[in-house]
Amino acid sequence: MTYTIRPAERADAATIYRFVCELAEFEKALDKVETTEEGLAEAIFGDGSVTGGLIAEIDGKPAGFAVYYYTFSTWQGRNGIYLEDLYVSPEFRGNGLGKALMRAVAEVAVAKNCGRMEWSVLDWNVDAIRVYDAVGGKPQSEWIRYRLEDETLSAFAGR
């Protein structure tokens, strides 16, 4: 299998949106997708965006994607990269493309002098966990991730 991985461009917004919907369907959460193709285009490629993306292609056909954004560590005094989404279409899985996309994000992190690369995984996604373990990723069990969203976020903000 020969693949290419390239930086995503605004013209890839429809492809990214399709992959986001496929990923949400895989995670049994398609009804949670609130964005649109236009929303993603602006968020990822708009002025002041701290988000980037990569597109993996096989024979010119989009096969997967990664979307990441920059974080910051006060302890390191440097930016980090958070891998928000990594997805390979089912027909292209099992050939190392997911690992190649992760490596490409890691290359961006190193080129930008980031101190770390982080991501989350659903506890039931054992195939992804195997890949993450294989590349040397370590679960951060001492941290518990919290979230405010929707009405709870608005209520807390006093709106």
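The charged end of Arg 18 sits over the ring of Phe 19, 4.7 Å from the ring centre. Here a charge counts as sitting over a ring if NZ of Lys or CZ of Arg is within 6 Å of the ring centre and within 35 degrees of the ring normal. Arg 93 is placed over the face of Phe 26, at 5.1 Å from the centre of that ring. This is a predicted model, in which local features need pLDDT of at least 70 and side-chain atom pairs count only at pLDDT 80 or more, while totals for chains, interfaces and linings use all residues. Residues are numbered from 1 along each chain as its sequence is written, and side-chain values use heavy atoms, with hydrogens and water left out.

Phe 19 also belongs to a cluster in which ring pairs link it with Phe 65 and Tyr 87. The structure holds 6 aromatic pairs. Rings of Phe, Tyr and Trp (its six-membered ring) pair if their centres lie within 6.5 Å; planes under 30 degrees apart count as stacked, over 60 as edge-to-face and the rest as tilted.

Helix H1 covers residues 13-26, and its 14 residues reach 20 Å from the first C-alpha to the last, close to the 20 Å expected at 1.5 Å a residue. That expected span is 1.5 Å times one less than the number of residues. Helices (H or I, at least four residues) and strands (E, at least two) are DSSP runs, numbered from the N terminus. Several residues of H1 are buried, including Ile 16, Phe 19, Val 20 and Leu 23; buried means under 20% relative accessible area, exposed over 50%, and partly exposed in between, with a 1.4 Å probe and protein chains only. The buried residues of H1 pack against helix H2 (37-45) and strands S2 (51-58), S3 (61-73) and S4 (78-88), where contact means heavy atoms within 4.5 Å.

What follows H1? The helix is followed by Lys 28, whose phi is positive, near 60 degrees. Most residues other than glycine have a negative phi. Lys 28 lies in the loop between H1 and H2 and is exposed, with a relative accessible area of 72%.

Asn 113 comes after H3, with a positive phi near 60 degrees. This residue sits in the loop between H3 and strand S5 (117-119), and at 48% relative accessibility it counts as partly exposed.

Now for the interior. A nonpolar core is a set of buried Ala, Val, Leu, Ile, Met, Phe, Trp, Tyr and Cys residues joined through side-chain atoms within 4.5 Å. The largest one has 22 residues, and those with the most contacts inside it are Ile 81, Leu 83, Leu 86, Leu 97, Leu 101 and Val 105. S2, S3, S4, H3 and helix H4 (126-134) each supply at least two residues of this core, and H3 gives the most, with 7 residues. Apart from this core lies another, of 11 residues, among them Phe 19, Val 20, Leu 23 and Ile 55.
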